[in-house]
Amino acid sequence: MSHPEKTPVVRIAPSPTGNLHIGTARAALFNFLYSKKHGGKFILRIEDTDKERNKPEYEKNITDGLSWLGISWDEFYRQSERVEIYRSHLKKLIENGKAYISKETPLKEGWREEVIRFKNTNVKIKFDDVIRGEVEFDTTELGDFVIARSLDEPLYHLAVAIDDFEMGVTHVIRGEDHISNTPRQILIAEALGAARPIYAHIPLILAPDRSKLSKRHGAVALTEYRDRGYLPEAMLNYLALLGWNPGGEEELFTISQLIELFDLGRVQKGGAVFNIDKLNWFNREYIKQSPEIVKKEIMKITSTDISTAEKFLPPVLERISTLGNIKNLFNGGELDFLNEPKCPKEKLPWKGETSNTAGKNLEKIKALFESLDEKRFTIENIKAVTMPFAESAGRGSVLWPLRYALTGKEKSPDPFSVAYILGKNESLARIGRAIKTLNA
RNA sequence: GGCCCUAUCGUCUAACGGUUAGGACAUGAGCUUUUCAAGCUCAGAAUCGGGGUUCGAUUCCCCGUAGGGUCACCA
């Protein structure tokens, strides 16, 4: 199964009637991995035969999304630019008696009085699905289905069959929702005299309620995830492992490793629930490997310089699963302490202790901080000078007032990290103000 | 409803018919601890049911059951 006789030609065929769905993105990924692994060709074909519902911005969203993921295509087509090809095949089908012009009584508005129907031979169609094995349909129930509104207006099944034929597509790797379309397309392909491609129907991506993932379940557009601050490597890795896995216990893979390992035969049969927690985990893993991106984001949000961003990096990395989370951290979140904090007198002392104690402890800290020159004002050194005193006077008694004086927040990173980020002068200034408050 | 597909922890999944049914995410507990986050350790958690085949079924077959997909002059 993983040793095709000929060089594979695969394709992804989205229609520009909506943004790139993550299910389509995953289908594209499987096609891409398969073609790269076997030195084949990957075609992007925009299925825009429905003039009513197509929009150019959706096509852009599709190409943007694929490019973002790192999926590139070898050939690009638009069905709307291929009417001549469909027309000539259609004519031939009619001449051969495989299709015919049919007079109709329109049942719906917009329906034609004349369409082109496929002459169904009412046979049983059996095909071998790489993932599912043998699948059989009785095509009798399909009747003489409509394949075109007119010579210049082909419908989906016709356009697909002709294109797959003309483009030499060897493997059709697509979502399971297409499985019932397959017999129709096989029928048309046979009438065309085309070789039958190998089919592989991959399981659907499901919502938590196990229904087909759709907009009502939240974000389904790939670019939404991009915009929320997921990294393409994380998304790619997660999507690849949804419904497929290489067998071992490793889960983190680069795209080239995925190409190396990919095997259609190991694709799962059942649908896979899209689990945002797992995606977040992947994203955290990749964010940790991309500190430069995080630094830039910090600089943008806090409008500070590179050295401050650098100092913020560790606490930020500990707290985010997406780039989008960074903003919250600095806007009212745990790292929002760059501006001068308001420290009410009653909040400064540790549990059940007096302002007097808090004030005295802060005085001592102040002296300890002053003993460090600016160059030596690092997390390690701050901790080294502070901890012995904190141990003797009581950790909470010393460290809570210190942390609160520096941040004015119930929740924040530890006081040593905060002091380091703020720097010696600012830290001393804040401690000084807190002492004043306590003495007032 | 017809047709088709599917079925291992809550989720993603591993296990050429022979394993104490493994891992990851999530969850819970403990450790650490000034708050928070992180980290570390541990724990709970699954083969849908019933029949076969077999010395032996998660694995193969059949029947149920459940879930999903699809039934356009959309793709």
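Visitor: What do the buried residues of helix 10 pack against?

Guide: They pack against helix 9 (276-288), helix 11 (306-319) and helix 12 (324-330). Contact here is between residues whose C-beta atoms, placed from the backbone, lie within 7 Å. Helices are DSSP runs of H or I with at least four residues, strands are E runs of at least two, and both are numbered from the N terminus. This is a predicted model, in which local features need pLDDT of at least 70 and side-chain atom pairs pLDDT 80 or more, while totals for chains, interfaces and linings use all residues. Residues are numbered from 1 along each chain as its sequence is written, and chains are lettered from A and ligands numbered from 1 in the order in which they are written.

Visitor: Which residues of helix 10 are buried, and what puts them on the same side?

Guide: V294, E297 and I298 are the buried ones. Their arc around the axis is only 100°, which puts them on the same side of helix 10; the arc is taken from the directions from the helix axis to the C-beta atoms. The face turned away from that side carries the exposed residues E292 and K300.

Visitor: How do you know what span to expect of helix 10?

Guide: The expected span is 1.5 Å times one less than the number of residues. Helix 10 (residues 291-302) has 12 residues and reaches 16 Å from first C-alpha to last, close to the expected 16 Å. Just after helix 10, S303 takes a positive phi of about 45°.

Visitor: Why is N122 called partly exposed, and R210 exposed?

Guide: Count the other C-beta atoms, placed from the backbone, within 10 Å: 20 or more is buried, 12 or fewer exposed, and in between partly exposed. N122 has 13 such neighbours, so N122 counts as partly exposed. R210 has 12, so R210 counts as exposed.

Visitor: What makes the phi of N122 worth a look?

Guide: Most residues other than glycine have a negative phi. The phi of N122 is positive, near 55°, and N122 lies in the loop between strand 5 (114-118) and strand 6 (124-129). R210 also has a positive phi, near 70°, in the loop between strand 12 (205-206) and helix 6 (222-227).

How values were computed. Contact = placed C-beta atoms within 7 Å.
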